[in-house]
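Dear colleague,

Please find below the structure that I am handing over to you. My notes on what was found in it follow directly after.

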Amino acid sequence: MSDSMKEVVETVDPVTRRILPSDINLGTLVPLKTVLELRDNLTLGYAYITRAPNKVTNDVVNISRSLTGDDAAKNLPHLRRCVKPGDLPPHLKTQFMHEGNGRQVHSSKSNWLYIMLGRKDELRYDELVRSLSTVDDIRNDIFVGLIPVPLLAPTSQVQANLWSQQFWQTVYRKNNPLGPHPATVTRTESSVSRDASIWITLAHQVAKKAQKEGIGEPIGAVIIKRTYPSKYDTARGSSARQDSDLSNSDSNTRASRAAETTHVAEPDYNANLGHDAEPRAKGKEKDKETTQIVAIAGDARWHQQEKIGHTGNPMAHAALRAISMVAQKLVRVESRPVTGERIMDFESFQDEPLLDDEKVVFEAEHPVPDGYLCHELELYMTHEPCTMCAMAILHSRMGRIVFRHRMPLTGGMSAEDRDHDICKASATCEQGQCGGGQGLGLHWRKELNWTLLGWEWETDQVERLPVDPHLHA
């Protein structure tokens with residue numbers, strides 16, 4: 001174990017150190033793409049443009065605004081309003097140079113500008129020409145061009161540069177209309193990456209134990225609570241709401257992003273942070289953030305399997321067992337009476353610990369027992385959870401998820417399209433081709449009332465945990 005990893009291990013709780021193996025391998029976090037980022041990242045429409053001398057540019061822009069209104073979305077804020085002739089994409093420069101007084105406009109000493117007027121479906125051509133004819137300097141040679149433009153803002157500077165060469169000068173404003181805000185992802189990833197290897201290692205360990213005991217597939221899940229130092233309280237208040245609370249409504253999400261873009265000071269959310277917030281009155285600050293394990297669970301779909309059929313118990317998937325163990329801890333804190341009588345011969349949820357590691361963690365108390373189930377907790381898994389488990393993760397209000405092995409046929413978190421024959425024509429494919437269709441990307445969907453950040457953990461240092469490609473993890 002490296003010295004840097006030893007320092008990280010010192011910040012985790014005693015229960016984690018008790019079950020943690022000595023060998024911890026490192027990996028790399030790769031953020032999950034959203035459905036919109038993969039499918040709607042280039043939505044094209046048509047827009048009208050014109051050209052005019054510098055001195056009447058304001059008059060033309062005012063005409064455009066009077067016709068399209070003040071709605072920023074209709075005015076394509078990610079596209080530059082005015083562009084010099086020399087900054088046009090090469091194909092537009094060649095095309096417009098030969099129209100009307102184009103050669104004069106594109107001369108080296110020209111004082112003309114090309115002006116973005118607005119989307120075609122928001123402007124009537126005849127009304128636009130009639131309005132432009134009121135401007136003295138262009139009324140005798142009114143130029144109106146129609147060009148394809150990206151309707152959504154770029155998600156990176158590289159994409160903005162590419163679109164500037166292909167369509168029109170495009171501005172990247174360090175936001176992401178198709179997914180989580182880049183600043184939120186970067187800030188959260190800097191924290192998660194410090195100790196992600198620890199939690200993936202534990203998930204890997206409990207997965208192998210579950211397989212060895214014959215109770216389930218080699219799939220493991222770990223849920224942790226991350227406590228931030230007081231100096232990060234305000235940032236966490238903003239981050240938590242961008243990652244989750246504010247994402248519960250589109251209007252709140254837009255407000256949060258606008259506040260971050262314009263650097264507006266966030267209010268003090270310490271009163272709502274419960275045990276995470278440190279009293280500021282005393283001026284105390286922790287030097288390091290700390291983490292504490294809340295639950296660990298291996299897959300148990302084959303435990304008492306003889307009573308439930310051939311596919312195993314779906315309620316005993318690792319993710320569901322871990323979430324249910326968190327719920328059991330919350331019930332225990334409330335000191336509810338527990339009956340020792342068995343209601344049924346078969347317990348479908350299997351939320352009692354079955355492995356030694358599960359028992360050690362289950363006996364420890366919940367670090368924040370006054371929260372809602374898994375609100376803002378982090379889930380680490382060996383395999384991408386299936387659709388059923390992915391929805392359970394969302395309903396539990398999990399804050400972040402990291403998994404190692406992607407499940408292209410059955411996973412619910414990834415948004416990439418599902419390829420055909422991805423199982424490489426294994427013997428389990430009795431119907432010929434398998435797969436096809438689109439990934440669900442459930443970690444970040446605007447249709448749902450909850451979103452969370454997600455990463456895939458990649459490494460070549462740890463042995464893989466192969467399972468049937470058709471398996472629902």
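A salt bridge is counted here when a side-chain nitrogen of Lys or Arg lies within 4 Å of a carboxyl oxygen of Asp or Glu. Please note that this is a predicted model, in which local features need pLDDT of at least 70 and side-chain atom pairs count only at pLDDT 80 or more, while totals for chains, interfaces and linings use all residues. Residues are numbered from 1 along each chain as its sequence is written, and side-chain values use heavy atoms, with hydrogens and water left out.

Salt bridges

The search of the whole structure gives 18 salt bridges. One of them joins Asp137 to Lys55, with N to O at 3.3 Å. Asp137 belongs to the loop between α7 (125–132) and β5 (145–150), and Lys55 to the loop between β2 (44–53) and α4 (57–68), so this contact ties together parts that are 82 residues apart in sequence. Helices (H or I, at least four residues) and strands (E, at least two) are DSSP runs, numbered from the N terminus. Asp137 is partly exposed at 35% relative accessible area, whereas Lys55 is exposed at 66%; buried means under 20%, exposed over 50%, and partly exposed in between (1.4 Å probe, protein chains only).

Asp136 also takes part in a salt bridge, with Arg139 as its partner at 2.7 Å, N to O. Here Asp136 is exposed at 54% and Arg139 partly exposed at 41%.

A further salt bridge links Arg332 and Glu365, whose closest N and O atoms are 3.8 Å apart. Arg332 lies in helix α12 (residues 318–333) and Glu365 in the loop between α13 (356–363) and β8 (378–383), so the two tie together parts 33 residues apart in sequence. Both Arg332, at 31%, and Glu365, at 45%, are partly exposed. Elsewhere, shared partners join Arg194, Asp195, Arg226, Glu289, Glu376, Glu378 and Arg400 into one network of salt bridges.

The sheet and a kinked helix

An open sheet is formed by four strands in the order β3-β4-β2-β5, with antiparallel pairing; two strands pair if DSSP finds at least two bridges between them. At the edges stand β3 (82–83) and β5, each with a single partner strand, so one side of each has no neighbour in the sheet. Strand β4 (residues 112–119) pairs with β2 over seven bridges, and Gly118 in β4 is the bridge partner of Tyr48.

Helix α9 (residues 182–213) has a kink of about 50° centred on Asp195, the bend being the angle between axes fitted to the seven residues ending at a residue and the seven starting there. Gly214 follows α9 and has a positive phi, near 75°.

Aromatic contacts

There are four aromatic pairs, for which rings of Phe, Tyr and Trp (its six-membered ring) must have centres within 6.5 Å; planes under 30 degrees apart count as stacked, over 60 as edge-to-face and the rest as tilted. Phe96 and Tyr114 are stacked, because their ring centres are 5.6 Å apart and their planes at 25°. Phe96 is in helix α5 (residues 90–97) and Tyr114 in strand β4, 18 residues apart. With centres 6.1 Å apart and planes at 85°, Tyr114 and Phe143 are edge-to-face. Phe96, Tyr114 and Phe143 form one aromatic cluster.

Yours sincerely
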